[in-house]
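Let's walk through this structure together, starting with its open space and moving on to its aromatic rings.

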Amino acid sequence: MNYRDLIGVSNPEFHILAYINHFVELPKNVYMRDDYRILNIYGIINDDKNGDKAICSIGREGTKELYDIKTIDGEDFIVSEKQEGTIKHTPLKNAILLLEIVGKLEDNKIYSEYFRQGHIYKNELVYLKTKDLPKEELDKLPIKDKICYIPESSFEGKEYINLSDGLEEGSDYYTVQSIREDIKSYFGNDVMNKLEEKNIRSMIDDVFYCVDWQHPSSLLDADQYLDDYVEELGINLDESEMEI
């Protein structure tokens with residue numbers, strides 16, 4: 001893992017993004033559960049003046065602290081002080097990414113991978129980095145930096161998808177914005193105008209994490225996936241002009 005991939009990740013709920021196992025050096029004859037031998041990484045702060053820092057804790061319930069990230073002999077390390085004042089260096093190459101990344105991107109080509117129900121591409125790292133960007137900022141990104149999902153149908157008869165081809169957003173591939181547009185198209189303006197932005201963002205999250213072979217629009221149309229959620233918010237869909 002390149003730790004710089006975690007810079008700029010929007011992580012409002014502070015989920016663990018990665019961990020380094022066996023971080024804690026134990027004295028001889030001392031036993032500790034594996035849960036507490038893990039350095040949990042919650043995010044990376046890019047600090048041009050003082051150097052990058054990682055938000056970490058030891059063990060699942062450990063206090064979150066800032067750890068320095070330093071490059072030593074061409075390799076990146078998390079650097080922390082142990083209680084007795086000595087310095088501990090832990091190579092970041094040992095960090096295991098906990099985000100859901102299905103398929104791979106190589107040389108401007110995207111390859112699918114089987115996940116739950118189909119062969120798809122899904123990138124939670126891209127999703128988290130882009131989910132809070134305004135549309136105008138999202139549109140400025142290269143296509144590889146904003147694709148968070150590609151359904152199975154886009155890979156039919158293909159070994160891979162070439163990003164240099166004329167791909168259509170909202171059909172061949174999906175970004176945070178095109179998932180939002182599918183939700184808007186399904187419910188229509190009448191419903192969308194009654195929803196708070198936090199509710200819309202929750203719906204986008206729900207769709208992204210659920211799709212595993214289909215188009216987002218298929219999940220909404222065929223399964224009425226978000227209907228119950230909207231009704232629980234007090235919106236009567238029978239009285240709305242839904243575009244279905």
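How much space lies in the largest pocket? About 490 Å³, where a volume is the space filled by probe spheres set on grid points joined across faces, edges and corners. A pocket here is an open set of points on a 1 Å grid over the protein atoms alone, where a 1.4 Å probe fits, with protein on both sides within 12 Å along at least five of seven lines; lining residues have an atom within 4 Å of a point. The model is predicted, so local features need pLDDT of at least 70 and side-chain atom pairs 80 or more, while totals for chains, interfaces and linings use all residues. Residues are numbered from 1 along each chain as its sequence is written, and side-chain values use heavy atoms, without hydrogens or water.

Helix H1 (124-130) gives the most to this lining, with four residues; helices (H or I, at least four residues) and strands (E, at least two) are DSSP runs numbered from the N terminus.

Now for the rings. Seven aromatic pairs are counted, meaning Phe, Tyr or Trp rings (for Trp, the six-membered one) with centres within 6.5 Å; planes under 30 degrees apart are stacked, over 60 edge-to-face, and the rest tilted. The rings of tyrosine 111 and tyrosine 160 have centres 5.4 Å apart and planes at 55°, so they form a tilted pair. Tyrosine 111 lies in strand E10 and tyrosine 160 in the loop between strands E13 and E14, so this pair ties together parts 49 residues apart in sequence. Ring pairs also link Tyr127, Phe208 and Tyr209 into a cluster.
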